[in-house]
Amino acid sequence: MSILKLQMRVRHAEGALVRVLSVTRRRRFDLLHLAADATPDGAFLDVQMTVQAERAGHTLISQLAKLEDVSEVEILEPTDAERGVQLAGQGA
Amino acid sequence: MKGAQFLVKALEREGVEVIFGYPGGAIMPVYDALIDSKIRHILVRHEQAAALAADGYARASGKVGVCMATSGPGATNLVTGIANAYMDSVPVVAITGQVATSLMGTDAFQEVDIFGITLPVVKHSFLVRTAAELPEIVHEAFRIARSGRPGPVLIDLPKDIANTVAEYEFDRASKSETTPAPSHQSIAYAKQLLRASERPVAYVGGGVGMAKAIDELKLFVETTQIPVVATLKGLGSIPTRHELALGMMGMHGTKAANHAVQESDLLVCIGARFDDRATGRLNGFAPHAKVIHLDVDPAEISKLRHAEAPVTGNLRDSLKALAAPLDIEPWRRKCLAMKESNVWNYDAPGTEVYAPDFLKRLSERAGENCIVACDVGQHQMWVAQHFHFTSPAQHLTSGGLGTMGFGLPAAIGAQFAFPDATVINVSGDGSIMMNLQEFATLRRYELPIKIVLFDNSALGMVRQWQELFHDRRYSEVDLSDNPDFALVAQSMGLASFRVDRRSEVDSAIDQLMAARGPVLAHVIIHQEANVWPIVGPGKSNSEMMDEVAL
């Protein structure tokens, strides 16, 4: 089980955030944290999301990146605390 | 101009000639606007058939298929067809009526959140908020549906927006999109792997046809002399009678195809996605092979099988760039010898109709330009095994979703795309009942579709699995109370006849080919006829089961 922390810029369009979450769930990634803030002009949402899964992170990144409403997606380094959760999850 | 008129005008500007649909309350303004349009509306008898006909139209023509339905049940009836297009990457635009915006979220009559329901099975979707944005939404919907990896797009149109009068200038510049070329670096590394390979195999999927890369694939294959295996959707990308074509791979693939893949040291995956029906047990698939993966969709690269050489971008450019002679003659000869020693045997015992033999003969009579739309089940696999195709657009089959009932509406869509083409629907007694009401559509438009209905009085593929893998514990597969399909067809205005014996096959095919209008051949086959060979569940493609006496 690995933890993945993502930063995305998502168009503030009908259902855009639901679409992101739907892809995340369908690709078998569990949501641990989600925060979204509208950009000052209201055109986009800046989304921070932490997920965990047994699957490789790139499989989710590439699926999110091809959503029409997602303009940017990048992986952030997990914090030390998140690494701790990851190790605990692996029975360390 | 009203929103509904904007919509219709925008569809005309996208070159739409045909819409498959079914009217109802919330979509009525659009049907009113259609009266004054040159777009032809085809009235089907169930909305699922509208979506599947749009899918068949798109597959056969390479254009975007369009379907339309009203809100609520009209919209939900489209969902299977939309999902079918999504799974097979078919460009379809689905337009649904919606209750007025003031009623949305109030559980109004025929209100359903079709935008939300379809989120997992569309490439993108729009809920129209103002009439003035409709032309741009339509343009975007078509661009998204056909660009990159194609797929379905939904436009949900509230009734009040359709009735709103607004202004719009139609001369705005339109966006266009080109598929990026592969990187020089990725091509260089792929070439390096090709040169180092002694036993390469080209594994070809539906992406080749969608990318219109047929000529480039032929160039690549004939230059490199790499043997070719195809997925169900890849069949015809290289002519199935081409010397280097080893046939379909996977669960019901040919021995030559599966053995070549299993022995290969390099798999050149071209517009395919390592689907489980093609690979069998994934960790036993092509165990000695490195992978070059050519695809327009980066999300498919290394999704299921690691690609040593990912080549993302336009398949036409990628294939041209990789076409260089290779020194693989011993391997080529070995593959062709495997193919020669595993030819189909059409001499089945008995006097009953043998479906593979029927289809082989029909294929020979129908010629190279016919279009075959299959349903799902045993007959679908027999078509894949025994029909010959020179283009993937000739073979309309529900590969990803496996939608029983796909065949007849898809054939309708194909016939509207090519009114003069010979269009054949091969179906089974289970599948045909899923969209049987469309016989009325054949009659209404006098579509000369030739239906070959194989009737084994059972859900044949499920019965076969229960026989082989569930110790013959048959559960809910008996269809011996089927109606007389020939009579049903006659009652709905189709010509029809019954075929009981093998000796009647040639005259049956004569009758089918001579018919000028819709015709159904009700072909009786043995209930225990099975599809061979087969790779069992959880097995690798090295473990193919031959026909066994059970």
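Ala286(B) counts as buried because 27 C-beta neighbours lie inside 10 Å, and 20 or more are enough for that label. Its phi is near 45°, a positive value in a residue other than glycine. Ala286(B) sits in the loop between helix 12 (276-279) and strand 11 (290-295) of chain B. All of this is read from a predicted model.

Gln225(B) also has a positive phi, of about 65°, although it is not a glycine. Its loop runs between helix 10 (214-224) and strand 8 (228-230) of chain B. Is Gln225(B) partly exposed or buried? Gln225(B) counts as partly exposed, because it has 17 C-beta neighbours inside 10 Å.

The table sets the two residues out.

| Residue | Phi | C-beta neighbours inside 10 Å |
|---|---|---|
| Ala286(B) | near 45° | 27, buried |
| Gln225(B) | about 65° | 17, partly exposed |

Most residues other than glycine have a negative phi, and most peptide bonds are trans. The bond from Trp532(B) to Pro533(B) is cis, with omega near -10°. Pro533(B) is found in the loop between strand 18 (519-524) and strand 19 (534-535) of chain B.

**Chain B as a whole**

Chain B contains 21 helices and 20 strands. Its C-alpha trace spans about 70 × 60 × 40 Å along the principal axes. What radius of gyration does chain B have? The value is 24 Å, which agrees with the figure near 24 Å for a compact globule of 550 residues. Buried residues make up 55% of the 550 residues in the chain. Among contacts in chain B with a separation of 6 or more, 76% join residues 24 or more positions apart.

**The cores**

The largest nonpolar core has 181 residues. Ala50(B), Cys67(B), Val92(B) and Tyr203(B) have the most contacts inside it. Which element gives this core its largest share? Helix 3 (residues 47-61) of chain B does, with 9 residues.

A second, separate core has 16 residues, including Leu4(A), Leu45(A), Leu60(A) and Leu64(A).

**Chain A**

Two of those residues, Leu60(A) and Leu64(A), are buried in helix 2 (residues 57-65) of chain A, as is Gln63(A). How are the buried residues of helix 2 of chain A arranged about its axis? They fall within an arc of 100°, so they line one face of the helix. An α-helix has 3.6 residues a turn, so residues three or four places apart point the same way. The buried residues of helix 2 of chain A pack against strand 1 (2-11) and helix 1 (16-26) of that chain. They also pack against strand 3 (44-53) and strand 4 (70-76) of chain A.

The mean pLDDT is 88, and 84% of residues reach 70 or more. Where is confidence lowest in chain A? Helix 3 (residues 80-89) of chain A has the lowest mean, 54. Strand 2 (residues 30-38) of chain A has the highest, at 97.

**Where the chains meet**

In the model, 10 residues of chain B are in contact with 11 residues of chain A. The chain B side of this contact has 7 nonpolar, 1 polar and 2 charged residues.

Methods:
Residues numbered from 1 in each chain as written. Chains lettered and ligands numbered in written order. Predicted model: local features only at pLDDT ≥ 70, side-chain atom pairs only at ≥ 80, totals over all residues. pLDDT = per-residue confidence, 0-100. Helix = DSSP H or I, 4+ residues; strand = E, 2+ residues; numbered from the N terminus. Rg over C-alpha atoms; globule rule 2.2 N^0.38 Å. Buried ≥ 20, exposed ≤ 12 C-beta atoms within 10 Å, placed from the backbone. Contact = placed C-beta atoms within 7 Å. Nonpolar A, V, L, I, M, F, W, Y, C, P; charged D, E, K, R; others polar. Core = buried A, V, L, I, M, F, W, Y, C linked by C-beta atoms within 7 Å. Arc of directions from axis to C-beta.
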